[in-house]
Amino acid sequence: SPATSTTFQYFGSTIDGQLTQTLANPNASGINTSATVLEFKKPAGAQTWAGGFSNPNPSSPVNVISSTTISIKVHFDHIGNVTLKLENSSDGGANWVQTVANTKVNEWETLTFNVSLPSIEAPNMPAAGHIYNTVTLFTDFGVSPSTDQLYYLDDIVVEQSVTCTPILDF
């Protein structure tokens with residue numbers, strides 16, 4: 001929906017400064033039958049750290065104060081990975097980065113990021129308990145592709161768990 005959509009601005013490659021596009025879902029099946037998805041590119045020869053940052057930032061910040069999981073639906077034509085970075089915390093949280101590999105080819109799958117784990121970058125603090133304004137994505141982090149790569153992403157979600165804290169128990 002427009003209220004929870006954004007574009008990402010590419011960096012680290014020949015498409016620096018360009019923005020991502022949404023397009024018709026190339027494989028509306030399985031866990032993702034939505035009409036449109038985000039097309040994410042990593043051109044041949046891109047830096048191993050090439051990616052994109054939210055521009056503009058999401059209208060609702062990423063609130064992981066009471067949640068430990070962020071999920072992303074992905075569709076790759078190869079086995080690779082997505083690296084999620086949360087930045088620009090409004091409440092003093094350290095930048096946070098984690099990488100999750102995909103396990104399926106040419107079908108949608110959900111990748112899950114546990115924000116209670118320490119970041120893989122210094123100061124290696126978890127994101128849980130904080131609010132972040134900027135989302136940065138890297139596809140196939142650590143790889144400089146020899147050919148242009150396309151990825152499809154959808155539904156970046158902070159998963160809220162339903163918990164019960166007993167006040168009285170009879």
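Trainee: Okay, which strand does D155 lie in?
Mentor: D155 lies in strand β11, which covers residues 149-159. Keep in mind as we go that this is a predicted model.
Trainee: And is D155 buried, partly exposed or exposed?
Mentor: D155 counts as partly exposed, because its relative accessibility is 33%, and the buried class stops at under 20% while exposed starts at over 50%.
Trainee: What does D155 touch, leaving out residues up to four places away in sequence?
Mentor: With those left out, D155 touches N32, S71, I72 and K73.
Trainee: Where is N32, then?
Mentor: N32 sits in the loop between β2 (21-24) and β3.
Trainee: Buried or exposed, that N32?
Mentor: Buried: N32 has 2% relative accessibility.
Trainee: What's packed around N32, again skipping residues up to four places away in sequence?
Mentor: N32 touches N25, N27, V37, K73, W108, D154 and D155. Notice that K73 turns up among the contacts of D155 too.
Trainee: New topic. How many cavities of 30 Å³ or more are there?
Mentor: The structure holds one of them. About 50 Å³ of space lies in the largest cavity.
Trainee: Which residues line the largest cavity?
Mentor: The lining is made by Y10, F11, S13, I15, F40, K41, K42, P43, A46, A50, G51 and T139. By type, they divide into seven nonpolar, three polar and two charged.
Trainee: Which strands supply at least two residues each to that lining?
Mentor: β1 (8-11) and β3 (36-42) do. β3 gives the most, with three residues.
Trainee: F40 is on that lining list. How open to the outside is F40, buried or exposed?
Mentor: F40 is buried, with a relative accessible area of 0%. Y10, which also lines the cavity, is buried with a relative accessible area of 4%.
Trainee: Let's talk rings. How many aromatic pairs are there?
Mentor: The count comes to seven aromatic pairs. Take F8 and F40: their ring centres are 6.3 Å apart and their planes are at 70 degrees, so that pair is edge-to-face.
Trainee: Why edge-to-face for F8 and F40?
Mentor: Because the planes are at 70 degrees, and planes over 60 degrees apart count as edge-to-face.
Trainee: What about the rings of Y10 and F40?
Mentor: Their centres are 5.4 Å apart and their planes are at 65 degrees, so this pair is edge-to-face. Y10 is in strand β1 and F40 in strand β3, so the pair ties together parts that are 30 residues apart in sequence.
Trainee: Which rings link up into a cluster?
Mentor: Ring pairs join F11, W49, F53, F138 and F141 into a cluster.
Trainee: Switching to strands: how many residues of β7 are buried?
Mentor: Eight of the nine residues in β7 (residues 81-89) are buried, so the strand is mostly covered.
Trainee: In what sense does β7 pair with β8, and over how many bridges?
Mentor: β7 and β8 (residues 96-101) are antiparallel, over six bridges. β7 also pairs in the antiparallel sense with β10 (residues 131-139), over seven bridges.
Trainee: What stands opposite L86 in β8?
Mentor: That's W96. In β10, the bridge partner of L86 is V135.
Trainee: Where is P123 found?
Mentor: P123 is in the loop between β9 (109-114) and β10. N124 is in the loop between β9 and β10 as well, and N124 has a positive phi of about 60 degrees although it is not a glycine.
Trainee: How exposed is N124?
Mentor: N124 counts as partly exposed, at 40% relative accessibility.

Key: Residues are numbered from 1 along each chain as its sequence is written. This is a predicted model: local features need pLDDT of at least 70, side-chain atom pairs count only at pLDDT 80 or more; totals for chains, interfaces and linings use all residues. Side-chain values use heavy atoms; hydrogens and water are left out. On a 1 Å grid over the protein atoms alone, a cavity is a set of points where a 1.4 Å probe fits but cannot get out, and a pocket is an open set with protein on both sides within 12 Å along at least five of seven lines; lining residues have an atom within 4 Å of a point. Grid points are joined across faces, edges and corners, and a volume is the space filled by probe spheres set on the points. Helices (H or I, at least four residues) and strands (E, at least two) are DSSP runs, numbered from the N terminus. Ala, Val, Leu, Ile, Met, Phe, Trp, Tyr, Cys and Pro count as nonpolar, Asp, Glu, Lys and Arg as charged, and the others, Gly among them, as polar. Rings of Phe, Tyr and Trp (its six-membered ring) pair if their centres lie within 6.5 Å; planes under 30 degrees apart count as stacked, over 60 as edge-to-face and the rest as tilted. Buried means under 20% relative accessible area, exposed over 50%, partly exposed in between (1.4 Å probe, protein chains only). Two strands pair if DSSP finds at least two bridges between them. Contact means heavy atoms within 4.5 Å.
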